[in-house]
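Dear colleague,

I am handing over the structure we spoke about, together with some notes on its side-chain packing. Please look through it before you read on.

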Amino acid sequence: MDIKILSTFDNVKEYLEAAERKDSDQQELWQKYMIDPFWPEISQWAPFDMSYMKPKNITNIAKLKEQLSLLSAVSVEELSGKFTKITKALPKDDDDPMIVALYPLCDSNTIVKERQNGVVGACVFGNIIININPLARDWQDWISYVFAHEYHHCVWGHTWFVLKGGQGLEGSFLEYMLNEGQADVFAKHLFPHLTPQWNQSLDKNTEMQFWEKIKPILFSKDPQIHSKYMFGDESEGLPWCIGYSFGKAIVENYLHKQPDITFSDLIGVPPMRF
């Protein structure tokens with residue numbers, strides 16, 4: 001499929017120039033230079049308002065200048081070739097081009113900087129946002145991994161919602177966990193040298209301990225519960241991204257039993273069969 005990369009980095013320059021003027025409204029300027037020119041195309045297929053997914057305003061001008069000096073070296077042409085190679089590993093039957101928007105990420109987001117190598121993505125109904133903090137370690141290596149993860153979400157969503165009309169899904173935590181697990185197994189297959197910190201390896205006793213906490217909410221449809229058990233809640237004894245670890249483990253166990261299944265066919269497997 002065709003991929004169209006939207007690099008916002010030229011607009012960052014304009015934003016910086018305007019933001020340094022006296023009495024400037026940074027939030028208003030961010031909207032003008034960083035959101036308005038790109039958001040309509042990024043969210044074009046969304047059936048409802050997804051404004052909450054818009055990239056956040058970066059107010060630290062000094063840090064943003066440092067980031068821009070590094071981001072300006074990113075080759076859109078090179079990334080396009082890498083992304084296209086990834087899509088060939090998991091074909092998506094869609095005539096519409098995929099939009100991939102590259103945005104800077106605020107350096108104050110320490111979780112992404114320290115635990116995710118400065119790169120985090122989001123799937124917006126068939127299009128993708130990749131937020132990058134080039135002040136993090138090895139950030140260049142993770143752009144393609146994050147794209148692969150989010151691209152898998154796009155294909156999964158196309159399969160279950162566009163082609164199947166949502167039939168067979170109930171919006172449960174189990175479905176959410178398996179969706180993330182499949183995305184990480186796919187990305188890891190393509191980039192075996194990279195090991196995400198959010199995919200923790202658990203010994204058998206620890207695994208059983210946390211599984212006893214997760215089992216009762218597997219069929220919950222509550223988004224707040226989903227977030228707590230997917231991303232973790234240390235106040236309740238749930239480690240960071242514990243849901244991702246279990247999602248990946250379940251998918252890997254299924255693949256061990258079905259070694260000849262393709263990633264395309266795996267997407268179509270009903271959640272209750274894992």
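Predicted model: local features only at pLDDT ≥ 70, side-chain atom pairs only at ≥ 80, totals over all residues.

Residues are numbered from 1 along each chain as its sequence is written, and side-chain values use heavy atoms, with hydrogens and water left out.

Rings of Phe, Tyr and Trp (for Trp the six-membered ring) are taken to pair if their centres lie within 6.5 Å, and planes under 30 degrees apart count as stacked, over 60 as edge-to-face and the rest as tilted; the count by this rule is 17 aromatic pairs. One of them joins Tyr145 and Trp198 edge-to-face, at 6.1 Å centre to centre and with 70 degrees between the planes. Because Tyr145 belongs to helix 7 (residues 139–163) and Trp198 to the loop between helix 8 (173–190) and helix 9 (204–214), this pair ties together parts that are 53 residues apart in sequence; helices (H or I, at least four residues) and strands (E, at least two) are DSSP runs, numbered from the N terminus. Both Tyr145 and Trp198 are buried, a term that stands for under 20% relative accessible area, with exposed over 50% and partly exposed in between (1.4 Å probe, protein chains only). Ring pairs also link these two residues with Trp142 and Phe191 into a cluster.

Two charges deserve a mention, where a charge sits over a ring if NZ of Lys or CZ of Arg is within 6 Å of the ring centre and within 35 degrees of the ring normal. The charged end of Arg115 is placed over the ring of Trp240, 4.8 Å from its centre, and Lys164 lies over the face of Trp160, at 4.0 Å from the ring centre.

A nonpolar core is a set of buried Ala, Val, Leu, Ile, Met, Phe, Trp, Tyr and Cys residues joined through side-chain atoms within 4.5 Å. The largest one has 85 residues, and those with the most contacts inside it are Ile42, Val100, Ile130 and Phe147. Helix 7 provides the largest share of this core, 12 residues.

Finally, the buried residues of helix 4 (residues 61–71) are Ile61, Leu64, Gln67, Leu68 and Leu71. Seen down the helix axis, they fall within an arc of 115 degrees (taken from the directions from the axis to the C-beta atoms), so they line one face of helix 4.

With best regards
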